[in-house]
Amino acid sequence: MIEGDSLDIIARWKRELPRQKALRHKRVAALKRYKARELDQRAAELHRETFGQLSCLDCANCCKSIPPIVNRTDAQRLARHLSMSEAEFYARYLREDEDGDTVINSSPCPFLESDHRCRVYDQRPRACRAFPHTDSEFHRHMDLHLRNTAYCPAVHRVLERLCGV
């Protein structure tokens with residue numbers, strides 16, 4: 001991967017952010033031409049292509065702006081990794097959001113390092129491992145993808161390519 005490609009993709013995404021909301025409905029309509037399986041396969045291909053050109057370490061916007069859901073298994077694993085009790089981990093790092101989900105209590109994520117690396121990468125929550133959800137069962141997460149175009153240049157790029165932009 002060429003670093004400039006990644007930075008160019010991110011810069012283009014930032015320039016297009018103001019237009020994203022207006023384009024969402026057009027993109028959803030364009031995706032209706034696909035059958036679910038075909039959409040999933042094409043999205044997975046575009047996911048691989050996009051991440052062959054884009055490095056998350058050049059952006060880390062998801063870690064700066066979206067507190068991930070942390071399930072009990074995640075919390076137990078992270079607490080053990082950080083040598084703290086589960087209760088201490090909950091008190092220090094977690095909160096309940098407006099939807100009733102348990103999430104990291106701050107943005108940017110307290111585990112995000114200044115070089116955009118994750119201090120708990122090997123132990124990170126399942127939600128972080130799955131993000132941006134563009135490589136599997138794409139058709140099941142359409143609303144999520146449309147919201148995530150505001151946070152992730154990779155999602156934006158996959159949707160652009162799916163819609164023929």
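In the predicted model described here, Arg-72, Ala-75, Gln-76, Leu-78 and Ala-79 of helix α4 are in contact with Glu-86, Phe-89 and Tyr-90 of helix α5 (contact means heavy atoms within 4.5 Å; helices, H or I of at least four residues, and strands, E of at least two, are DSSP runs numbered from the N terminus). By class, this contact of α4 with α5 has five nonpolar, one polar and two charged residues (Ala, Val, Leu, Ile, Met, Phe, Trp, Tyr, Cys and Pro count as nonpolar, Asp, Glu, Lys and Arg as charged, and the others, Gly among them, as polar). The axes of α4 (residues 72-81) and α5 (residues 86-93) come within 9 Å and cross at roughly 105°; axes are lines fitted to C-alpha atoms, for helices over the stretch in contact, and angles run from 0 to 180 degrees between N-to-C directions. Helix α4 is therefore roughly perpendicular to α5, a term for angles of 65 to 115 degrees.

Residues are numbered from 1 along each chain as its sequence is written. As the model is predicted, local features need pLDDT of at least 70 and side-chain atom pairs count only at pLDDT 80 or more, while totals for chains, interfaces and linings use all residues; side-chain values use heavy atoms, with hydrogens and water left out.

The largest pocket holds about 1,300 Å³ of space. On a 1 Å grid over the protein atoms alone, a pocket is an open set of points where a 1.4 Å probe fits, with protein on both sides within 12 Å along at least five of seven lines, and lining residues have an atom within 4 Å of a point. Grid points are joined across faces, edges and corners, and the volume is the space filled by probe spheres set on them. Of the 48 lining residues, Cys-62, Pro-68, Ala-127, Cys-128 and Phe-131 are the closest to the pocket centre. The lining comprises 31 nonpolar, six polar and 11 charged residues. At least two residues each are supplied by α3 (61-65), α4, α6 (126-130), α7 (142-148) and α8 (153-162), and the largest share, five residues, comes from α6.

Two cis peptide bonds are described next. The bond from Phe-131 to Pro-132 is cis, with omega about 10°, and Pro-132 is placed in the loop between α6 and α7. The bond from Ser-107 to Pro-108 is also cis, with omega near 0°; Pro-108 lies in the loop between β2 (102-104) and α6.

Methods
Parallel < 35°, antiparallel > 145°, perpendicular 65-115°, else oblique.
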